[in-house]
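Hi,

Here is the model I promised to send over. Have a look, and my notes follow just below.

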Amino acid sequence: MFVFTLILHSSSHSIKSKPIEWDFRKRHSKQNKDLSLPCVNCRHPPVTVSSKSMDDVKPSIPLVSFLERLQQTAFNTFNNHSNFDPKTYVDLPLKFPLSVTDHAFQNLPKSSTGSVSVHDLNRFIQTYFEGAGDDLVYFDPEDFVPVPKDFLPKVKNPEVRAWAIKVHSLWRNLSRKVSSEVKTHPEFHTLLPVIDSVVIPGSRFREVYYWDSYWVIRGLLASKMYKTAKGIVNNLISFIEEYGFVLNGARAYYTNRSQPPLLSAMIYEIYHRTGDVELVKRSLPALLKEHEFWNSDIHKVTVSDAQGCTHTLNRYYARWNKPRPESSIMDKASASKFTSVSEKQQFYRELASAAESGWDFSTRWMRHPPNFTTLSTTSVIPVDLNAFILGMELNIAFFANVTGDHSIAKHFQQISDVRKEAINSVFWNANMKQWLDSWLSNNTHEKVHNWDTLHQNQNVFASNFVPLWMKPFYSDASLVGNVLKSLKTSGLLRAAGIATSLSDSGQQWDFPNGWAPLQHMLVEGLVKSGLEEARSLAEEIAIRWITTNYIVYKKTDVMHEKFDVEHCGEFGGGGEYVPQTGFGWSNGVVLAFLEEFGWPEDRKIEC
């Protein structure tokens, strides 16, 4: 029997912008909350993790609110256009102060129904705004060379090698620097200024994103672009220094949520390649603060089992209860079935929290799939998030040893051991040989949730295998053997890679879409296990994924965000926007796979 205690305390104290400081003894004094209660039969002793309360909702800023009004007007005016993208309008930089622009907007001629003509609205936008994305300028990275020394030495096939060099060259296309105008007039922009250059995902995603950056960096490391990779990390650290956590992306409307916490993994990979101890020293205080953010009251779920052992786990929880500004039109339409303000607000929080997960959207978050209005992201204790935080704790311990901070290293090794036990206890399903998300009861405001009101989500998702990416799990040969068999029979392995789920819901994080991050995490976990059978399957998945990326590139001349894994050589679809190209993490994973497995000269690349 399990008892879940969900802590939902809020206070009037928000995270303030201030230099990061770390006093290990003070933070772990008796004055701090103990998030892990004593128990008699637990394998590990209780470990204290400092937590912080934070405001439940982060306020918007006047510029974003105004641009949402413009977005609504544009939708009403251009509603016959199938390619309408609401994000465009909240990305528009002002040419004049907001008061001047708003006054002109209010004075636009309107019909008897209150609508604005296409001509008048187009003229207004051209007069008062720069183009969406104009506040980022193209940047030529100084560490880019057309063909890096010792680039992908295992790639022997000339056709694949020529394509890999083209993919490598895309880093120049996707590199940007924040315009000086953003720093001169930050109040004119929703883009947030960062010091170093960025690599954007591509298309409508015209700013840096958090978890995308991990796979961008893996590709940059294969391309020997170490300085660019470090610059991305520096930018993400600056978000922690300013906001207390890494934002979803570099926009004012993203300050209410984060994304899967992979900053420590980025730093680990860069350190592994470069041995840059100074980067580790600069990063450690920020990583400690990020760990605190993810263990704040709103993200924290405490699990108490029948033996009296407690397990502290985490969930996604955005500090937002309004339509997402970048998708306000869609969110309002989706929420229209709800009648009360409180129901709408809760639904908006579930939407934003799903966006924090990176899986926006999926039946994974729906209580009654495929009914989109049953999104209940904050009621899910996600397998992958807790695996990522386990990785963060292990990396912090590693970095602290590198810097000589042995008390921090010991502490984070201890709490990583406790989290491993929690992941096994709460998520592992011995019958399926997978780790399954757990649902909280419908009433998440109850302080205690008994096991009979909870259940594991027994549907198959690629996330069920993500813990295999972490050393405590891939280093267990017996466990890997069981998970390997489960993956082979799961139904996820398809002609062109690993499917995100088995549910064809029309959502983009469901079947038949496959995504680069999911391919990479599962493949790399299999490879790191060291088992020959696991590596063989990993290579087969990588070959399928590389092939479909190549065939789609040859057909369209671009790299895509996602792919249809049911059909080799087809890009993916579904979701709330048209398929995007560019594309940061797809490029990174292709290069990482080619670096790991190569491509023999005599192996054809065809579906």
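The side chains of S505 and D510 are joined by a polar contact of 2.7 Å (that is, a pair of N or O atoms within 3.5 Å; within protein, one must be able to donate a hydrogen and the other to accept it, and residues adjacent in sequence count only if both atoms are side-chain atoms). Bear in mind that this is a predicted model: local features need pLDDT of at least 70, side-chain atom pairs count only at pLDDT 80 or more, and totals for chains, interfaces and linings use all residues. Numbering starts from 1 along each chain as its sequence is written, and side-chain values use heavy atoms, with hydrogens and water left out.

Back to S505: you'll find S505 in the loop between β14 (497-498) and β15 (513-515). Leaving out residues up to four places away in sequence, S505 touches T363, P370, D510 and F511, with contact meaning heavy atoms within 4.5 Å.

There's also an open sheet of 3 strands, ordered β7-β10-β12, with antiparallel pairing. β7 (380-381) and β12 (455-456) are the edge strands, each pairing on one side only. Between β7 and β10 (residues 438-439) there are 2 bridges; two strands pair if DSSP finds at least two. Within that pair, V380 sits opposite W439 of β10.

As for the whole chain, it has 20 helices and 16 strands, taken as DSSP runs numbered from the N terminus (helices H or I, at least four residues; strands E, at least two). Of contacts with a separation of 6 or more, 73% link residues 24 or more positions apart.

Cheers
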